[in-house]
Amino acid sequence: MFTRKPLLAGALLAGFATAALAQQGPNLGQPITEADVGEWNINAMPDGTGLPPGSGTPAQGAPIYAQKCALCHGEGGKGGRSAALVGKPPITGIDSPKTIANFWGYATTLFDFTRRSMPWVTPRTLTNDEVYAITAYILAENKLIGPNDEMNAQTLPKVKMPNADNFIIRFPDKI
Amino acid sequence: MSNRKHDRGGRTSPPVEQVAGNGLLDRRALLGRGIAFAGAIGTGVGASLTGAAAEPLKDDPWSQAAGANSKPYETRSRFEEKVGRILSNPNGEPRTSHARTPHHLINGVVTPNGLHFTINHSGIPDIDPDKHRLVIHGLVRQPKVFTLEALSRYPMVTQTTYVECGGNSAPMFSNEPLQGTVQQLHGLVSCAEWTGVRLSTLLDEVGVDPKAKWFVAEGADSLALSRSVPLTKAWDDALVALYQNGERIMPGNGYPMRLVLPAWQGNMNVKFLRRIQVSENPAMSYYETRTYSQLLPNGKAYRFHFLTEVKSFITQPSPGLNLKGQGFYEISGIAYSANGRISKVMVSADGGKSWAQAALQAPVMPKSFTRFRAPWNWNGGPAILQSRAWDEAGNVQPLRADFVAARGQTQKPPNMGGFPNQHYNSITSWAVDPSGQVKHVYA
């Protein structure tokens with residue numbers, strides 16, 4: 001249950017007894033500003049929270065993809081030693097391949113994972129514009145956006161993913 | 001002589017009866033005291049396995065001279081070096097690496113640190129603990145950064161709990177039983193004593209906004225692996241763990257600090273923990289919305305399969321540990337549940353036709369491995385060994401037919417190391433043939 005701690009947090013926010021409560025714990029963390037979380041602050045969420053400024057189009061993304069992604073994911077996203085990024089095979093069983101087009105629920109996940117983890121050998125070396133462009137390229141190759149659609153912090157969260165409504169929250173009572 | 005009453009220095013052990021089919025004995029046979037088997041069971045039990053007298057005893061060379069010097073950090077006997085983890089990526093190719101725990105070659109509740117399973121999606125980072133930082137920010141009153149040195153001064157708690165990969169036991173989704181050891185089939189779960197700081201302690205210090213419902217945990221590995229976790233788990237029992245079985249966390253298990261979410265899906269127990277962003281909503285990260293969302297037979301998929309539900313499997317005997325002659329064996333295994341303590345484990349030697357209650361090794365701890373043991377007199381004939389666990393919340397480990405009906409199976413057998421689906425918690429069956437060989441079957 002969710003009783004004591006949120007009340008405590010609420011009291012802190014309301015300014016009640018802040019000093020006394022703060023003295024209960026060791027309080028050995030150093031304060032930092034949200035801005036100084038800096039380049040670690042890379043969560044991009046489905047509602048657009050955390051998406052940075054910048055933009056990219058499929059046409060801009062194609063050469064970047066060819067240079068930085070195709071080695072593992074294959075030409076045109078068809079797959080190589082790493083998973084295919086383009087294609088919508090039907091889901092025919094519990095072990096069907098889960099692709100961006102046939103499974104992923106949110107386009108922001110593609111941006112987030114590309115920015116955070118890719119390229120596998122040199123992660124977090126892409127600019128935000130490059131990540132938007134690669135994201136746009138992969139979405140367009142999957143026909144999830146038009147060939148000229150620009151992806152940015154406003155447009156990306158609005159991309160409708162075909163499988164978005166096919167998820168069941170397994171343990172809603174734990175949330 | 002009669003086995004009905006066996007005199008041991010004035011104490012009398014009760015006779016042990018067969019309590020289920022195919023030679024399963026009453027678990028009281030294991031509760032201390034000597035084992036006195038009911039005479040009706042007969043063949044072999046209580047008698048010498050070979051019947052031949054032992055050789056006369058004499059000193060071996062290691063008893064005739066002083067031994068080796070002590071080392072600052074003890075390592076196991078050279079005779080045990082064959083006991084190791086199975087590696088899915090021994091040459092470190094640019095992909096995920098799995099190291100599976102050899103459950104059939106160890107015993108007890110705690111997994112030794114060198115044998116604890118690991119999965120690393122981009123190798124093991126070589127983290128300087130003095131430079132590592134944990135930041136907690138987002139929907140908080142005051143974001144803060146913590147060093148390892150600072151966290152080491154906080155009040156600590158210790159919890160024995162297990163980490164299980166969502167993909168543990170994935171070969172069990174095969175439509176035909178894959179022939180593997182318990183290590184190959186169930187090696188992606190391990191149990192350790194974790195010591196660290198309650199995440200709630202740290203959250204209280206940064207002050208969580210009442211509208212926050214989640215936090216997103218992230219590692220310092222090259223993938224910056226991230227998972228969303230409901231704040232309810234933080235207020236309940238989440239740990240920022242600094243120690244694993246008493247020593248600093250092993251590099252592959254998240255050195256110098258990891259999130260431990262007792263009994264929740266392994267991948268959420270973010271290793272190399274460096275950032276926690278408190279948020280109103282989940283991030284819908286790659287690993288939560290793609291990799292660890294499970295397809296169902298109707299084409300829909302589970303999301304946020306946090307719990308590892310009640311489960312058990314027999315570790316001894318098991319494939320690779322063939323029986324050597326009829327007579328007494330201890331059937332032993334592990335049981336666990338995210339819903340608290342294991343309340344009961346039943347064992348069958350006849351493929352589920354009849355069941356005997358196993359002894360549970362004390363102390364039985366919540367969200368921990370529980371070692372179960374059942375005495376068995378193998379008559380040398382065919383047998384199918386199974387275990388089935390219950391937890392204190394009233395959940396029971398599903399029978400395979402029921403599990404497959406709900407969760408499905410593959411259309412053709414997958415590779416042994418593949419991951420056709422996740423969160424298998426149904427029954428495992430080991431068939432013993434008259435030669436003593438143990439095989440994996442569906443029964």
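Both Arg274(B) and Glu218(B) are buried, where buried means under 20% relative accessible area, exposed over 50% and partly exposed in between (1.4 Å probe, protein chains only). The structure is a predicted model, in which local features need pLDDT of at least 70 and side-chain atom pairs count only at pLDDT 80 or more, while totals for chains, interfaces and linings use all residues. Residues are numbered from 1 along each chain as its sequence is written, chains are lettered from A and ligands numbered from 1 in the order in which they are written, and side-chain values use heavy atoms, with hydrogens and water left out.

The side chains of Arg274(B) and Glu218(B) form a salt bridge with an N to O distance of 3.3 Å, a salt bridge being a side-chain nitrogen of Lys or Arg within 4 Å of a carboxyl oxygen of Asp or Glu. This pair links distant parts of the chain, 56 residues apart, with Arg274(B) in strand β19 (residues 273–279) of chain B and Glu218(B) in strand β14 (residues 214–219) of chain B; helices (H or I, at least four residues) and strands (E, at least two) are DSSP runs, numbered from the N terminus. Through shared partners, salt bridges join Asp112(A), Arg116(A), Glu218(B), Arg274(B) and Arg275(B) into one network.

Within chain A, Asp112(A) and Arg116(A) form a salt bridge in which the closest N and O atoms are 2.8 Å apart, and both of these residues are buried. Because Asp112(A) and Arg116(A) are four residues apart in helix α5 (residues 107–117) of chain A, they are separated by about one helical turn. Over all chains, the count comes to 18 salt bridges.

Between chain B and chain A the count is two salt bridges, and Arg170(A) forms a salt bridge with Glu309(B), with the closest N and O atoms 3.1 Å apart. Helix α5 (residues 286–291) of chain B gives the most to the side of chain B that touches chain A, with five residues. The contact, defined by heavy atoms within 4.5 Å, takes 74 residues from chain B and 56 residues from chain A.

Turning to helix α3 (residues 58–68) of chain A, the buried residues are Pro58(A), Gly61(A), Ile64(A) and Tyr65(A). These residues cover an arc of only 120° around the axis, which puts them on the same side of α3(A); the arc is that of the directions from the helix axis to the C-beta atoms. The face turned away from this buried side carries the exposed residues Ala59(A), Ala66(A) and Gln67(A).
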